[in-house]
Structure formats: structure tokens, C-alpha cells
Amino acid sequence: MPQMKRTPQDCPSRLPENTAVKQQQLPACRLQLSATGILSGFFATGVFCLGMGVILILSAKSSMEIEINYTKICASCAKLRENARNFDKECTCSIPFHLTQTMRGNVYMYYKLYGFYQNLHGYLLSRSNSQLLGTDVKDVETCAPFSKSHDGTPIAPCGAIANSLFNDTIILSYKLNSSVHIQVPMLRSGITWWTDKYIKFRNPSSSNLSSAFAGTTKPPSWPKPVYELDENDPGNNGFLNDDFIVWMRTAAFPTFKKLYRRLSRTQHFIEGLPAGNYSFNVSYNFPVTRFQGEKSVVLSTLTWSGGHSLFLGLAYTVTGAMTWLAAFSMMAVHLKLKGKRFSPDDKVKL
Amino acid sequence: MFCSEKKLLEVERKVKANDREYNEKFQYADNRIHTSKYNILTFLPINLFEQFQRVANAYFLFLLILQLIPEISSLTWFTTIVPLVLVITMTAVKDATDDCFRHKSDNQVNNRQSEVLIDGKLQNEKWMNVKVGDIIKLENNQFVAADLLLLSSSEPHGLCYIETAELDGETNLKVRHALAVTSELGADISRLAKFDGIVVCEAPNNKLDKFTGVLSWKDSKYPLNNEKIILRGCVLRNTSWCFGMVIFAGPDTKLMQNSGKTKFKRTSIDRLMNTLVLWIFGFLVCLGIILAIGNSIWEKQVGDQFRSFLFWKEGEKNSVFSGFLTFWSYIIILNTVVPISLYVSVEVIRLGHSYFINWDRKMYYSGKATPAEARTTTLNEELGQIEYVFSDKTGTLTQNIMTFKKCSINGRIYGEVQDDLGRKTDITKKKEPVDFSVNSQAERTFQFFDHNLMEAIKLGDPKVHEFLRLLALCHTVMSEENSAGQLIYQVQSPDEGALVTAARNFGFTFKSRTPETITIEELGTLVTYQLLAFLDFNNIRKRMSVIVRNPKGQIKLYSKGADTILFEKLHPSNEDLLTLTSDHLSEFAGEGLRTLAIAYRDLDDKYFKEWHKMLEDANTATDERDERIAGLYEEIERDLMLLGATAVEDKLQEGVIETVTSLSLANIKIWVLTGDKQETAINIGYACNMLTDDMNDVFIIAGNTAAEVREELRKAKENLFGQNRSFSNGHVVFEKKQQLELASVVEETITGDYALVINGHSLAHALESDVKNDLLELACMCKTVVCCRVTPLQKAQVVELVKKYRNAVTLAIGDGANDVSMIKSKRTLTQWGMLHTWSPRGAHIGVGISGQEGLQAVLASDYSFAQFRYLQRLLLVHGRWSYFRMCKFLCYFFYKNFAFTLVHFWFGFFCGFSAQTVYDQWFITLFNIVYTSLPVLAMGIFDQDVNDQNSMDYPQLYQPGQQNLLFNKRKFLICMAHGIYTSLALFFIPYGAFYNAAGEDGQHLADYQSFAVTMATSLVIVVSVQIALDTSYWTVVNHVFIWGSIATYFSILFTMHSNGIFAIFPNQFPFVGNARHSLTQKCIWLVILLTTVASVMPVVAFRFLKVDLFPTLSDQLRQRQKAQKKARPLHSRRPQTRRSSSRRSGYAFAHQEGYGELITSGKNMRAKNLPPTSGLEKTLYNSTSWIENLCKKTTDTVSSFSQDKTVKL
């Protein structure tokens, strides 16, 4: 920028003010890290990282996780679903498995998808938050390409995310003995964020849910309209359906797992899941083979640090080790040079 | 800019005096000027158009347009428009205020009053209403309103004097004279009103020194030239009134024709930055292409099926086309690598640095109440990279005050101050000066510390009397009495002023002169000498003499001049005195004083008469007149009796020696470019330690022809290399080889100090293309270069030469109008409010010394301050800091944006290259302008590696700037690598952690929004930690900004993720509850912590090793400072060595030829002073020629050296 205004000639004193800012004399501490400071910092960081790494690994090891990929197991169902016209045909598939160890504590059931890109730019945008908030069910502006059906009726819930809702039903049953199978009690509540359930998603206000959605139509891939998602529990129906809300919280990566059910710790399952034979009964609706995707179901217990993931623990361990390595080599260099370095009394060579 | 509005090209101008109707049909421009660019209506369109001409703004506009295409848009519109609007508004506001000032000054100028002859009466009229053809009356010291044809004036012969400082920067008075026919009109209003001459002249143009036209009046034609024209912008001086006829008005005036478009200076960092931005664009395109190809492949292999699964209608789209769209989408996303805030921040930092310069009390000169001033705010960091300083002499290095210091009379030195033991001491305040109060005529300011001289005068030492008498008689000074009855000398060379004033104080007061007589007061008695002859000074004779007859009838020749010349003219009987005096002269010279030898001769009447007759013959002779006169002068100026010598001090500015020493320790080469004569220039070189007697050689190039100059240069070079070779015999071959290879290597191999002195004439030849390189090579190997007698144009040429061929950053410093050429090259806002633009020559940075002679240099300069010594602080402290800060700022800024932006690239591989951003759109919008701008600005403005005292004490600290070490392409690549590394850590650590993780409550963690928040938080923390490490000077501002930024980030984050704001704008803020949910998870904090450690630790280790292994000087200093808390600065100033008195002439006399003639003709004396004798007749006899002579001589001298100008003492 070109020129500054010239100070007026007539101002009484042109002597600049003697303030610390103007004279660049602001009191300040000079950040000058000493060798010992840096080295001890490195060692301390190293110790911390190593320690944290070990703790994380141990805690991750303490949790249990079982993952069963049922894409291939239920190949016939998968085949059926590849043709979109078969959407109304039911297909179930049972997957037996054996639990060698009791899963203690809270057990969570997840479904996991491989190769499903919930993070595509267009996909992510294709939703209407104001519709989901229940204020204006017909606000489908941002939902392209799933905003309106062919006859122009707005879709509720609109958008690609809602349309692709994961709609497999997974039921876990426990083989109490050779003849008795009991269904493991699972909770379908408490699997969403509080803010999602109570702030972000609201049903349109009306005496009757189906009338609230009057004038809208169901998404093209859905077998039934949104107000029939859970007809037993009005608190879990419509936009407030937990499974729907979980699905609408899009995943960051193409491989992801989403919470499906929590174990209700009653009867046989107070301790957790006892060891024994189980089976998943899947009503297979969600097609993945068409895009080379896979899906699996995961049972997992948790620790304070989250799930069964070893990555963080390993990363901390590696970082700690690297830090120590660096600290040792820096110390070596420093000590080697120390003799050559000037002592404070030396004159700086000029 | 203005002439473009003219509809027709004017070929010839025809103007009739006092006839507005006649002139109106030509539709000449009136005298109103516009320098403002906008008015209220045009401001917005023009300003926006101008702003979008800048590459950066245009680029962001382009991005904005891209974002409006829905297929491409990957970011919402506000991410680009918010910063862009911010920047555009800021610039627009600034432009508007600038233009307001221009409007004001236009108005002020347009509303100035001038007296115009309308309807036979003089009427006051605003400038803007003056029309072509009007007759204007001007009074003394008034500005000229338009380009005028001078008609008549108060002075005899229709003369008038003008100062053209506003136009060409010359402060000398110039003479203009009216045509004889018009000058007869005088001040007779009725006759002037009837004047109806028609001027036919050239069309408006910008040539300040040319005018051709014809005046037709009363059936006769009179040719007109530049001598008869007064241009707008001049000031009338020494002329009580004059009348002129308007020829060119307003935009047609030569002054306005000389103004044009503004050209801004750019710093080397600017240029580097532009290159880097281009590199980055290239890099961006590469990334875009990679991602676009990725997208095409992905679409083909995965996307097709995936999309059709979703019943996506676009499922059928061509994968190549999709790649193409993706390319543009990514260009938009990745544009933050070069954020628009970069340019704004750079400007803000520079502005801050400029204010620091303005505020610096240590650059405030209380003597003139002038603070330093950064007049340009865009060049600060270049002050830290200066390699060459081009300095003017007078007024810059010296104060342009001559004081009579010492003299040697008859073999005895007066003026030396001795302490009780008889040793020479420096003059201190304690010593009592000689009391001149008894002498009523004494000049108060004159001080002399040796009482012996006064005693010798009182004792009546005839030699001393004769010496002082000579000083009072032999000169060209004019005397005047001011209203208070005090004697005032008008001198044309300050040396003479000093000498005559000294004589005056010692009781030999020069009172008055006529062409025939000189009256002086000798110790109280008035004595009138008859001036018989005046043997004028010129540069070959290097002396001047007067021949006078004293009241006793004795004829005496008094002479003063260069010792080298005068000593040859002495009578043989002076042998002993000569040896003694020349010893004294050497001593004076050694002290840097300017010396003159003084001698006289008694003439007998007969001899003189014969000689005088011969002189008159010679004067009237037509052929070889000058040679004959010179011969006669030579003839009479011999057998002189030596009286002694004078020593005049050309007072240096305060602290010049220290500054020069310190700057040369900082490896800054100082070149002195002066209009002074060679002797004067060399003298001052010695006085301020640039030239020393211990120098191996001082090459003097003073050839008259191109061949001579070439030969001298060749010899000097040979000498240089020859001597150098003899120093290191063993390495001759090796060195020679090196010399052939690279000039810069040669520079390294030169041992010993050399200096080059070159004069203007030689320079003119040396600047010719074939010799140029020789000159440059030689000059750059010399420690000191002195160019003397250079014209303003040559000053600029020399600067240009170094700038162009050495590729070095240059600074020119000067005080006078003649320095404007080397200082300027950017617009100057004169008091006229007009934008002057000269050709874009001149140094990278111009510094003006303010408060000296006029304002021209200051107005043309980028920085100004009152004393040369402040240059040291400006460069070593402010310049160094600015450069240091700017480099740190840029490094960090590029790093930050690479780290910020490249995560999108990595994310591309996981989101099907669909141009999905990692962060929330709001975060992208705010990151650069809110979350991270202030800490880096604080660092860019306040950071200091070493304090100012140390910067001054260790000039070597300046060198990294000259070598461009702190920010260059290599550094940039390092920053880039650093940024890329950080972005990798930022992306892949959360990725790994999230891949298969679940939250504490079992809910899945890896949703897009949580990932975005985690990444954003890590990024803000990592870059804040990084800036905390980079900041080496933690002031309270830094604390506030760094902590404040983090706090701001979290508060904005929580606000944007709050329920309330979501309820109002559900579509704009979909991240509701995210911050609350994610940031309460331990696991997420562990990720953030790990990311921070992983991205910061390697940097710390790297820096530690660098400081340990290759400590820079400032590292050492800081370590030392730390070790000794109370660091006492090492005073590296070397003691001022007394130079051994070598036999070197100290002759340096700033004097011009031509004034002798002026005096003997009596032209410059007021009529009342002229005795009614034959002198007047002689005057009239000569009258035609002297004006031309004077004009010729003035222009001659002006063009060659405007340094030596008339000064009033």
C-alpha cells in the first residue's frame, strides 16, 4: 500500500511517545529452550507416550470382539437382492457361531459395512435437516436426487442417505441347550446421540404420525413409509427411529460400523454374554454385492478407551520409542559438541 | 491520464492575449486540475475494476464463479466470499480515504487566488477559472498558476527569477526574461489590457526545458523559447512582481503532463512470493490432476455400481467427465494453500513495521523536531537486505556548514587547541572560545578556540593583517544590510562564506563593493580599495586573484587557490616558508579539512598598466580570446609571496563516521555520489573514514575521452589484480583460473582495501556499454567508491547499473533535489497534491534526509529522517527485524496452509475422490481469518531474535538478509515439506484411531462430523503449538493472541454446534451437538495429543540439532545473552585512528566560474549601489552579452553540479 499520511506539521510535539509498544520494548520473555530443557522434555514425552501406549494396548486387549461377515454366508439372499425387483420377497439367513469365552459387561452389537461410501460429497449433502427437524416436512430442496417422487410428491425422509437406510434385521439367539433357543434380549434404545434424538430429529407435530406425514411419500427403496418404522413404540417411530438416526449420522470412511443393539442384561445375560452357541438370524434386505461391498455383524465389549482397536496404543508406543531414540541421539550429538562449544565467557567470534 | 480525455490531438496552439472569446473556439483545457481518481458515482465500478485487476483478487473471483456451478461446487459460497469481501472492502476504504485527500488538495489548489486582468482591471480569480490567454499578475514567492509567457517584471530588462523545485527538483534560482517589446509594458494595466499579441506555439507536451513558439504583435513576429516561459509549479523569487500570459492551463501544463501512472516498488520478497505462488498453483494443478484421475478410475471401478445401487440418476455419467469436474472441485477446495489472507497479512505486518519506524524515539531528531517517517509502507523487509548504499554528500554526510577551523600564517598554526601541557587536544566544550563581543560586526555563530590569533592581531603582526585583509578582499561575496542594519553576506560558495566571516570576526570586515571598489573595515577604520582587476576562478586555474590599489596607492595582487597550483607560482625566496606551510597543509588535510593556500604580490604601477592594457586588448580580441586572457593571468600571478593557508571544515553530520564504519562491518558497500568536485569529494571521503591512508590504493579515473577512461580502468584493474597476485604468489595459477570463472569469486580473492574515485565526465564514458562491465567489476571490488561531479541523471544511472548487473538490493540516501533521481521511482505526493511520476529508475529504496534543503528528496523518498546516522538504526535494527519477521511469517504461513489444506488430498483417497472436504465449511472459512491469523500477525509484528542494542553492536547480524538466507526457495520447500508432514500426521493418526473404534458409550465414533471436529481441533492445536515454538519474543500480545485464538476456536466451535443456532439455521449448522459429544471422549483427546506430539517433536529435534551443529551468529548471541543475564554490549567500534600525515592536498573549494565577471559588470548589484561613473557605461556596453553569459553559465553549472549553490549566510 503506497503512502502513509504525513504527520501534520502543526502538531504540538512530534516526539514519538515513549510507550513500550511504540518503542518495541514490550516486556517479553524470550523463548530460548536450553539443551537440558529440550532433552528432558523429549525424555518425559517419550516416557508418557510409551506408558500410554502400553496402557492402551492392554486395555484394548481386555475387551472382546467378534465379527462375523455374512456376505458370503448368505450368498443366496445376496443374489436375490441383486435384482431390485425382488424387494418385496423376504429372505432370511441364519448364522450359527460359538462363543468360547463369556463376554463380560456391556455387549454391543454393530453392523459393519465394507466399501459403502457414506462420505461421498453428493451423498453427504443429500438430506434436509429442516425436514428432519419436523418444522417443514415438505422442505426437500437440498435432497437431490431423491427429493420428489415421479408424481411430484415430496419424499419424507428425502435424500440419498435416507433412501439407502440399512434395513437388515439381525436377531441374536442363544442356544440354551440342544433344544431350547432363546432370543437374546436386546435394547434398541440409547444407541443414538442425545442431541440427535432430542434436538436434531423431531417428528412433525400432529395428533397422529401418519397424518403428520400426509402429503409425502416414502423413499423409493423403502418397503414402508417412515411412520411405520416401529409401530410398537411411538418414541421410536418416524424420524425418531433410532436405527434411522444412527444411519443418518454418516460415516467418515467407506468401512464403518454402526451401533445396532445393546445387550439388555437380564436373566441369563446379567454378566454379559455367556460362552456357548449362538446364531444370528438375519432378515437380509440390504444389497451390497452389487458394489462389491460386504457386511458383517460385530459383537463387542468396551473399555474406557473405546473399542477393541489397537491402533492408538501401537501409535503411542511407536511415538514414544521414536521420541526416546531422538532424545538419545540428540544427547549424543550435544555431548560430543559440548567440548567444542564456547563457554559463556567466551567472546562471540566476530 | 489526463490528456487521454482530449478528443483531438492538438498539433499547434494559437492563443490570443486578453481575448477569451477568440480562444474559446479552440476549446483548450481550463486551469482546473483533477488528480482524484473517483467521484461518488464512479468509485464503486472503477475501484472494483482496479482491484480485480490484481492477480490474487481475480483468482479468488474466478474461484467464486467456479463455486457457483453446482456440478463443481465443493465448498459453499461463503468460504471464498467472506474473505474476499473483507479484503476488497478494506482496500476500497483505504482507496476512498486516499482519494478524499486528493479531492481536498485538488480543491485547495483549484481555489487558490491569483490576480487576473479581466476587462482592463486586475481581479482576484480562483485558479480553476483562469483561462488560456489571460494575463496574470504574479507576486514574489507566489506559485505560478499556469504555464505563462513572461511579459514584464519589476526587475530591469524584464528579468525574473524562478525556483523550479517542484518541477525538476532544482532549487537554484533560474532567470527568465521577457521580450524587450513586452517588458516595456511594465505594470501599466491599461497598456497590458490592450495587449493583443497572438502566440502560436507547440502543442502541450511534457518537455520541461523546451518551448518553441512565435509571438505576433503589432505586425512583427518575435521568436519565443524556454527562457521566456514560466511553468506552473514554479515559484517566483527575488522579483516583486511580474505579468504573464497564460499559454497552457490545467492539465495541459508541463507539470501536469509530467504526471502519469503510479508505479509501485516491489520488494524482492514480493517477487519471490509471486514466484512461489505460481509454483503453488502448479502444485495445486498437479494435485488436482492426480485426484481427477483417481476420480475417473474410481468412478469406473466402484462408483458406477455404487451409484446405481442408490438409484442415483447420475449413475450413468461418464467417468472422464466426472474426473474433469472433480478437478475443478478440488481446485476450489485446495485453494486455501494460497489464502487471500496472505496478502492482507503481509500488508498489515508491513504497516506495523512502518509505524514502528515512525514511532522510534531513537530516530527522532530533536534539533529539527523531525521524527523518522516511513513514507512507503511496502518496502520494510527490503531494508534488511541492502547491499549497496548510495549516498549523497552535501547535507547527507555533511551538514553543508563550512567553518573556519585553522590557519597557518607565516609558518605558524593558529586554531589548534592546546591543553596546559601544550599537547593538541580535541575541542571540548570546556575550552573558552575567543570572545568577539568587542567587535560589533562579529558573526555570533562563529567560534574560534585559539586566543593566539587574536593576540597576534592586537600586536599588529603585518603578515597576520595582510592574511586577513586578503580574506576580506579576495572573494566574490556580496554584502547586504538587512532591516536590522546587520551585515548579511550573500555567498555563492560556502567556503568563501567561512573565510570572509572569519576575517570579519577578526576585525577585517568586508562591508560593501561596487564594480570598481571594495570597502572593508580594518580594525575599526573604513578602507576603500580600488578593484583593478578580477582574475576569476576556474577549475583549471584552481585559484582566484584580485588586483587592488589601496588608499596609499600601492597595487597588490591577492591570490588564493589550491596549494599544488599556488606553490608553483611562488617567489623562490619563499622556500622555507613553503616547506613549513606544506607540512601544515598536510596536517590539515589529514584531519579532513579543506585547505587553500594564500599568497600576495606587490605590483608596480607601470607593470600593471602594461599588463592591464594587454588584458583589455585580449578582452576585445575576437580570436583565441580565452587563451590570451588565461596567458595574461598566468603572467601576472607569479613571484607570489606566500602568506599561509586556511583550513575550513566541511562539518560532518553527527555520527557519520560511526555509521559508515558500522555499515561497512555489516558488509554494506557505501558509494558516495556527489555533484561536488573531485577534491571536495575525496576530502570528505577521508573525513568520514571511507577513504583512509592505509588503503592499498585509491584509483582515480578522470579521463576526458572514452579511450582514456577505458585505458585508466584497464590500468586500475591490472593494478588491482597485479597487486593481488603478488600477495599470494603460490596460488597465482589457481586464482587466475578462478578469476576467469566468476566475477564473484574474484571478489573474494581480492585482499586489501581499494577505493575508486571517478568523476562525472569519465563516468559518462564509462557508462557506455562496452566499458560498463569493467567499471562495475572494478567498482564492486573496491571498498569505497566515490563518484564526483555527477549529474542527477548519472546518479540514477550508477544506481541502475548496480541494481541491474549486480542484482543487489540498493538504497539511495540524499537530501537535495539532485538526489531525487536516484531516490525516486515511485510517485511523489507534492504539496500540489499531484502525482508525479518519473521514469522508474532509482534505487530499490530511497531515503530522504528531512529538514535540510527543501522537501524534494523527502517527497520522493520511501523513508525519511533528519540525520544520516539514523540510517544505521533503520537498516540494522528496523530493516533487520522487518526482514527477519517477514521471513518467519512467510515460513509459518505457508507451513500452516499446507498442513491445513493437504488433508483434503489424503481424504480424497478415502471418499472416492468426490471432493468432499474434511472440515466443516465454517471452519474452512474461519481458519485463516479468525483462528490462526492473529498469533502469526503478532509474531510478524513483534518478534525479535536479538534486541536492538545487539543488532547495532553486531552489524554482522545483518548479513543473512543480504544473502537472502531466511526465506528463499529452499526454505519454502522445507516449509512445504513440514506442512505436508503435518497434514499426514493430522490425517492418518485420526484415521487409524477411528477406523475400528467405538465411543465410550458404545456408539460409533467414526462418523464424518466427529472426524471433522477431531481433525479441526488437532489442526488448531498443532499450528498454535507451532507458532508458540516459532515465537521467540513472547510479549503479552503474543500470549493474548495465541491463547485467545485457541479460546476463540473452542467458543466458536461450541456456539456453532449448539442447539440454539441449529434450531434457527438447521441447514447451515448441521453439526449440532458434535463438539459436546466428541470432545468429551477421552479417546478423541488422546488422538489430538498424539497428533500434536507427532507433528511437533520432529521439528523441535531438527531445530535443536541445527542450533547445536550449525549455530548462527544470532543463536550464539542469544545463548550468550542467556548465559550472562546482564549482557554488557561489546563495543566493537574501532577507535578513531589519527591518520598519518601523508602528503595529500586538502584543496577542495566549492566555487563556480563566472561570478568575477558578474561582479565587475555590476549586474547583480542594485542600482542604488552603482556609482554614477564609467562603470555604468561599461555595464550598458556589455549588457547584451552578460545575461546570455550568466544564463549559459548557470545552466552549465546546474546541469553538472547543483551542489554549489548560492547560500545566504
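Visitor: Which residues does the UniProt annotation "binding site" cover in chain B?

Guide: The record, an unreviewed entry, places it on B:Asp392, B:Thr394, B:Asp815 and B:Asp819. Such annotations may be inferred rather than shown by experiment. The model here is predicted.

Visitor: Why is B:Asp392 called buried?

Guide: Its relative accessible area is 0%. The cut-off for buried is under 20%, so B:Asp392 qualifies. B:Asp392 sits in a loop of chain B, between β15 (388-391) and β16 (398-409).

Visitor: Why is B:Gly561 buried too?

Guide: B:Gly561 has 1% relative accessibility. That is under 20%, so the residue counts as buried. B:Gly561 belongs to strand β24 (residues 555-561) of chain B.

Visitor: Which residues contact B:Gly561, neighbours within four places in sequence aside?

Guide: They are B:Lys542, B:Arg543, B:Leu566, B:Leu596, B:Ala597 and B:Tyr1147. A contact needs heavy atoms within 4.5 Å. B:Ala1148 is 587 residues away along the chain from B:Gly561, yet their C-alpha atoms are separated by 9.3 Å.

Visitor: What is the C-alpha distance between B:Gln108 and B:Leu577?

Guide: The two are 66 Å apart in space. In sequence they are 469 residues apart.

Visitor: Why is B:Gln108 called partly exposed?

Guide: B:Gln108 has 47% relative accessibility. Exposed means over 50% and buried means under 20%. The value falls in between, so B:Gln108 is partly exposed. The residue lies in helix α4 (residues 78-110) of chain B.

Visitor: What makes the phi of B:Asp119 worth a note?

Guide: Phi is near 50°, a positive value, and the residue is not a glycine. B:Asp119 is in the loop of chain B between β2 (113-118) and β3 (121-126).

Visitor: Is B:Asp119 buried or exposed, and how do you know?

Guide: The relative accessible area is 69%. The cut-off for exposed is over 50%, so B:Asp119 is exposed.

Visitor: What is the phi of B:Asn964, and where does the residue lie?

Guide: Phi is about 60°, positive although B:Asn964 is not a glycine. The residue is in the loop between α33 (959-962) and α34 (969-995) of chain B. B:Asn964 has 30% relative accessibility. That value is between the two cut-offs, so B:Asn964 counts as partly exposed.

Visitor: What makes up residues 858-1112 of chain B?

Guide: This span is 72% helix and 2% strand. Its end C-alpha atoms are 37 Å apart. The unreviewed UniProt entry annotates the span as "domain: P-type ATPase C-terminal".

Visitor: How many helices and strands does chain B have as a whole?

Guide: Chain B has 42 helices and 37 strands. Of its 1209 residues, 61% count as buried. The chain exposes about 47,800 Å², and carbon and sulfur atoms supply 57% of that area. Of its contacts between residues at least 6 apart in sequence, 76% join residues at least 24 apart.

Visitor: How many helices and strands are there in chain A?

Guide: Chain A has nine helices and twelve strands.

Visitor: Why is chain A called more spread out than a compact globule?

Guide: Its radius of gyration is 31 Å. For 350 residues the globule rule gives 20 Å. The value for chain A is well over that, so the chain is more spread out than a compact globule. Along the principal axes, its C-alpha trace spans about 90 × 65 × 35 Å. Of the residues of chain A, 52% count as buried.

Visitor: What makes up the annotated "transmembrane region" of chain A?

Guide: The unreviewed UniProt entry gives residues 33-58 and 310-333. Residues 33-58 are 92% helix and 0% strand, with end C-alpha atoms 35 Å apart. Residues 310-333 are 96% helix and 0% strand, with their ends also 35 Å apart.

Visitor: Where is the cis peptide bond in chain A?

Guide: The bond joins A:Ala156 and A:Pro157, with omega about -10°. A:Pro157 is in the loop between α4 (129-132) and α5 (160-163) of chain A.

Visitor: How many charged side chains does chain A carry?

Guide: There are 37 positive and 23 negative side chains. The centres of the two sets lie 10 Å apart.

Methods: Residues numbered from 1 in each chain as written. Chains lettered and ligands numbered in written order. Predicted model: local features only at pLDDT ≥ 70, side-chain atom pairs only at ≥ 80, totals over all residues. Heavy atoms only, no water. Helix = DSSP H or I, 4+ residues; strand = E, 2+ residues; numbered from the N terminus. Rg over C-alpha atoms; globule rule 2.2 N^0.38 Å. Buried < 20%, exposed > 50% of the residue type's maximum accessible area, 1.4 Å probe, protein only. Lys, Arg positive; Asp, Glu negative; His and termini not counted. Charge placed at Lys NZ, Arg CZ, Asp CG, Glu CD. Areas by Shrake-Rupley, 256 points an atom, 1.4 Å probe, with all protein chains shown as cover.
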